[in-house]
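Visitor: Could you walk me through the charged side-chain pairs in this one?
Guide: Happy to. Have a look at the model, then ask away.

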Amino acid sequence: MSKVEEIDDITSCYRYMFDEFYHMNSVGAENRIKDGYPLTSVHYLSDGILMIEWTMDDDTYYKIHDIKYDKDYNYTNMYGETDNYRILDQDLP
């Protein structure tokens, strides 16, 4: 996760949420994957949207479980609903 944080600083917010809100540990992370609700960070790119699903090697080290990318900025949530998250060019920084 630290390497992803170097590229996209929003990842620090996800880490904080996983640690402080969910009080995540390796067993909890694996159970979320098994239940179909993996810990996921979402990253807006210039050419699409990237979703990184996380697991843990131990109770402190996050590692990538899966990566999903959609060039059309579509994101399907855990309920099977798909929304488009494209930001209009005039609204980008």
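Visitor: How far apart are the closest N and O atoms of Arg-15 and Glu-5?
Guide: Keep in mind that this is a predicted model. A salt bridge here needs the nitrogen within 4 Å of a carboxyl oxygen. Arg-15 and Glu-5 do form one, and the closest N and O atoms are apart by 2.9 Å.

Visitor: Is Glu-5 buried or exposed?
Guide: Buried means under 20% relative accessible area. Glu-5 comes in at 19%, so the label is buried.

Visitor: Which residue forms a salt bridge with Lys-68?
Guide: Lys-68 is in strand 3 (residues 62-70), and its partner is in strand 2 (residues 48-56), 15 residues apart. The closest N and O atoms are 3.0 Å apart, and the partner is Glu-53.

Visitor: And what is the relative accessible area of Glu-53?
Guide: Lys-68 counts as partly exposed at 40%. Glu-53, on the other hand, is buried, with a value of 11%.

Visitor: What about Lys-71: buried or exposed?
Guide: Lys-71 meets Asp-72 in a salt bridge, 3.6 Å from N to O. Asp-72 counts as partly exposed at 36%. The cut-off for exposed is over 50%, and Lys-71 has 54%, so Lys-71 is exposed.

Visitor: How many salt bridges does the count come to?
Guide: Side chains of opposite charge can pair when their charged atoms come close. Going by the 4 Å rule, the count of salt bridges is 4.

Terms used: Residues numbered from 1 in each chain as written. Predicted model: local features only at pLDDT ≥ 70, side-chain atom pairs only at ≥ 80, totals over all residues. Heavy atoms only, no water. Salt bridge = Lys/Arg side-chain N within 4 Å of Asp/Glu carboxyl O. Buried < 20%, exposed > 50% of the residue type's maximum accessible area, 1.4 Å probe, protein only. Helix = DSSP H or I, 4+ residues; strand = E, 2+ residues; numbered from the N terminus.
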